[in-house]
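Work through these exercises with the model open beside you. Try each task before you read its solution.

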Amino acid sequence: MIDPISLAIAAGAGFVGGAMNALAGGGTFATLPALLATGLPANVANATSNVALLPGAATSAWTFRDELAPLDGLSIRTLAGITFVSGLVGSALLVVTPSRTFDLIVPWLVLYAFVVLAFGKRAAAWLAARVTIGTRTLMVVQVLLGIYGGYFGGGVGLMMTATYGLLAGLSPRAMFAPRTLMLAVANAAAAVVFVAAGMIAWAQCLPMLAGAIVGGWAGAHIGKRLPAGAVRAWTLLVTGATTAVFFWRAYG
């Protein structure tokens, strides 16, 4: 049975993680360390975090449902289907593969997100003037994002924000709807595999799940009222902090 302090840590981290996912992504940055602090092994903490954040991501996606539109010519249904299948593949890899090797790669992927976010608008304009980025490129990239989201998930919302900005030329605010939906889809695919594999610590998961629902709802409604500049600043701040922490965890 979970003690009251651990319960409060799990619920509070769920609220923060749900709100972060709604605003910019990176909710795992709040939930995973909290679960590790309660004594869970890293792989179980990762799987538990994924399931706990799923309802919050779904709540946020529902809030933004009226803003969904094709992404650079690719329908949302197609994008969601790609994400779900890729998420199944990624989560299956986590079940059978030690996480330490991928932990060493994660910081570089999140660093990519930070760099693209910082220079994405200029890079998108530069690319648009020279090349045509079709739906095939976006589909391939979404497969990779789905696999990553199913396998680890840390910073995948940030990476989606960075990638959509680069490939589709969208601002962070314009990406709220597609990003939150794809995050929910990837989490749902991973949850199927993790629950079936018995990797969920339910005593920590349930209070964190409740907190994430409230945090996802609150973050989505706050996001609707924030100007694009504030969202960009928040996104860069979260991405930079996440990058630093992941490098410290892997190489510190």
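**Exercise 1.** In which helix does Ser6 lie?

*Solution.* Ser6 lies in helix H1. Helices here are DSSP runs of H or I with at least four residues, numbered from the N terminus. A note on the source: this is a predicted model, where local features need pLDDT of at least 70 and side-chain atom pairs count only at pLDDT 80 or more, while totals for chains, interfaces and linings use all residues. Residues are numbered from 1 along each chain as its sequence is written, and side-chain values use heavy atoms, with hydrogens and water left out.

**Exercise 2.** Is Ser6 buried or exposed, and what does its side chain contact?

*Solution.* Step one: get the cut-offs. Buried means under 20% relative accessible area, exposed over 50%, and partly exposed in between (1.4 Å probe, protein chains only). Step two: apply them. Ser6 counts as buried because its relative accessibility is 11%. Step three: find the partner. The side chain of Ser6 makes a polar contact with the side chain of Asp3, at 2.8 Å. A polar contact is a pair of N or O atoms within 3.5 Å; within protein, one must be able to donate a hydrogen and the other to accept it, and residues adjacent in sequence count only if both atoms are side-chain atoms.

**Exercise 3.** Check the span of H1, then of H8.

*Solution.* Step one: the rule. The expected span is 1.5 Å times one less than the number of residues. Step two: H1. This helix covers residues 4-23, 20 residues, so it should span 28 Å. Its end C-alpha atoms are 29 Å apart, which agrees. Step three: H8. With 21 residues, H8 reaches 30 Å from its first C-alpha to its last, close to the 30 Å expected. Step four: look past the end. H8 is followed by Gly198, whose phi is positive, near 70°.

**Exercise 4.** Which residues of H1 are buried, and how many of H8 are?

*Solution.* Start with H1. Its buried residues include Ala13, Gly14, Gly17 and Gly18. Ala10 also lies in H1. Ala10 is buried because its relative accessible area is 1%. The C-alpha atoms of Ala10 and Ala34 are separated by 6.4 Å, though the two are 24 residues apart along the chain. Now take H8. This helix is mostly covered, with 16 of its 21 residues buried.

**Exercise 5.** What lines the largest cavity?

*Solution.* First, the terms. On a 1 Å grid over the protein atoms alone, a cavity is a set of points where a 1.4 Å probe fits but cannot get out; a pocket is an open set with protein on both sides within 12 Å along at least five of seven lines; lining residues have an atom within 4 Å of a point. Next, the count. The whole structure has 2 cavities of 30 Å³ or more, and the largest holds about 100 Å³ of space. A volume is the space filled by probe spheres set on grid points, joined across faces, edges and corners. Then the lining. It has 16 residues, with Thr28, Leu53, Gly153, Val156 and Asn187 nearest the centre. H3 gives the most, with 4 residues. The lining has 4 nonpolar, 12 polar and no charged residues. Ala, Val, Leu, Ile, Met, Phe, Trp, Tyr, Cys and Pro count as nonpolar, Asp, Glu, Lys and Arg as charged, and the others, Gly among them, as polar.

**Exercise 6.** How does the lining of the second largest pocket divide?

*Solution.* The pocket has a volume of about 200 Å³. Its lining divides into 11 nonpolar, 1 polar and no charged. H6 gives the most, with 6 residues. Ile147 and Leu93 are among the lining residues. These two are 54 residues apart in sequence and 8.8 Å apart in space, C-alpha to C-alpha.

**Exercise 7.** How many aromatic pairs does the structure hold?

*Solution.* The structure holds 3 aromatic pairs. Rings of Phe, Tyr and Trp (its six-membered ring) pair if their centres lie within 6.5 Å; planes under 30 degrees apart count as stacked, over 60 as edge-to-face and the rest as tilted. Trp108, Phe247 and Tyr251 form one aromatic cluster.

Note on methods. Helix = DSSP H or I, 4+ residues; strand = E, 2+ residues; numbered from the N terminus.
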